[in-house]
Amino acid sequence: MSEGRYRLLHDDAEGPGRRHGLELKVHDEHSDHQRPTSSLSGGETFMASLAMALGLAEVVQSEAGGIGLESLFIDEGFGSLDEESLDHVMVALHRLQGEGRRVGVVSHVTEMHRAIPTQLRVIRRRTGSTARMVLPGAIDSPEHPVGGPADDGPEAGTEVLSRLGGMDA
């Protein structure tokens, strides 16, 4: 997702105050230096976390005798990405969808809403929350509601669970 800029490396250095477990450091190809993961920006941290989750899913799948991990849900973090990083993440998620995985995304980011046409919108109101399904090409008007009141887009207090690709019947 970083076009080869970053590599996560195991940091097995000993020292006072060092925790034991999976200590990581980042190798930045642009500077050819290693640095602590705590120096990553919010967007870089999100991308590193997503890359680790995807890698771990691949390891679990291969070690579990081919048992598939077919669904992935990502809750937030997209707001920390710049436009270019968001594009890289979307390409990676679309690739996963093309490989047969279901990818669910919880996001408040408008660009995500535009990029992912199948959505379950949860609209918070003082009287309670409502959910409505948004399907590509579906008629969604007051005369033809799709699970709730029609609106022109996500409003304040709206969470969107989007799914890349088409809906299963």
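Is glutamine 119 buried or exposed in this model? At 2% relative accessibility, glutamine 119 counts as buried, where buried means under 20% relative accessible area, exposed means over 50% and partly exposed lies in between (1.4 Å probe, protein chains only). The model is a predicted one, in which local features need pLDDT of at least 70 and side-chain atom pairs count only at pLDDT 80 or more, while totals for chains, interfaces and linings use all residues. Residues are numbered from 1 along each chain as its sequence is written, and side-chain values use heavy atoms, with hydrogens and water left out.

**Figure 1. Overview of the protein chain.** The protein chain contains 3 helices and 8 strands, taken as DSSP runs numbered from the N terminus (helices: H or I, at least four residues; strands: E, at least two). From the N terminus on, these elements follow the order β-β-β-α-β-α-β-α-β-β-β. Of the 169 residues, 29% count as buried. The accessible surface comes to about 10600 Å², of which carbon and sulfur atoms account for 53%; such areas come from the Shrake-Rupley method with a 1.4 Å probe, and for residues only the protein chains shown count as cover. Among contacts between residues at least 6 apart in sequence, 55% join residues at least 24 apart, a contact being heavy atoms within 4.5 Å.

**Figure 2. The largest nonpolar core.** This core has 18 residues, of which Phe46, Phe78, Val89, Leu93 and Met112 touch the most other members. A nonpolar core is a set of buried Ala, Val, Leu, Ile, Met, Phe, Trp, Tyr and Cys residues joined through side-chain atoms within 4.5 Å. At least two core residues are supplied by each of helix H1 (42-63), strand E4 (71-75), helix H2 (83-98) and strand E5 (102-107). H2 gives the largest share, 5 residues. Leaving aside residues up to four places away in sequence, methionine 112 touches Phe78, Leu86, Met90, Val105 and Ser107.

**Figure 3. Glutamine 119 in strand E6.** Glutamine 119 belongs to strand E6 (residues 118-123). Its side chain reaches the backbone oxygen of isoleucine 116 at 2.8 Å.

**Figure 4. A nonpolar surface patch.** Leu56, Val59, Val60 and Leu69 make a nonpolar patch of about 320 Å². Patches consist of residues with over 30% relative accessible area and no salt bridge, with like charges joined within 9 Å and nonpolar side chains (Val, Leu, Ile, Met, Phe, Trp, Tyr) within 5 Å; a salt bridge is a side-chain nitrogen of Lys or Arg within 4 Å of a carboxyl oxygen of Asp or Glu. Leucine 56 lies in helix H1 and is exposed, with a relative accessible area of 53%.

Figure 5. Phenylalanine 73 is placed in strand E4 and is exposed, at 60% relative accessible area. Histidine 108 sits in the loop between E5 and helix H3 (110-115) and is partly exposed, with a relative accessible area of 41%. A C-alpha separation of 8.3 Å is found between histidine 108 and phenylalanine 78, which are 30 residues apart along the chain.

**Figure 6. The backbone at aspartate 32.** Aspartate 32 is located in the loop between strand E2 (24-28) and strand E3 (33-36). This residue is not a glycine, yet has a positive phi of about 55°. Most residues other than glycine have a negative phi. At 54% relative accessibility, aspartate 32 counts as exposed.

How values were computed
A polar contact is a pair of N or O atoms within 3.5 Å; within protein, one must be able to donate a hydrogen and the other to accept it, and residues adjacent in sequence count only if both atoms are side-chain atoms.
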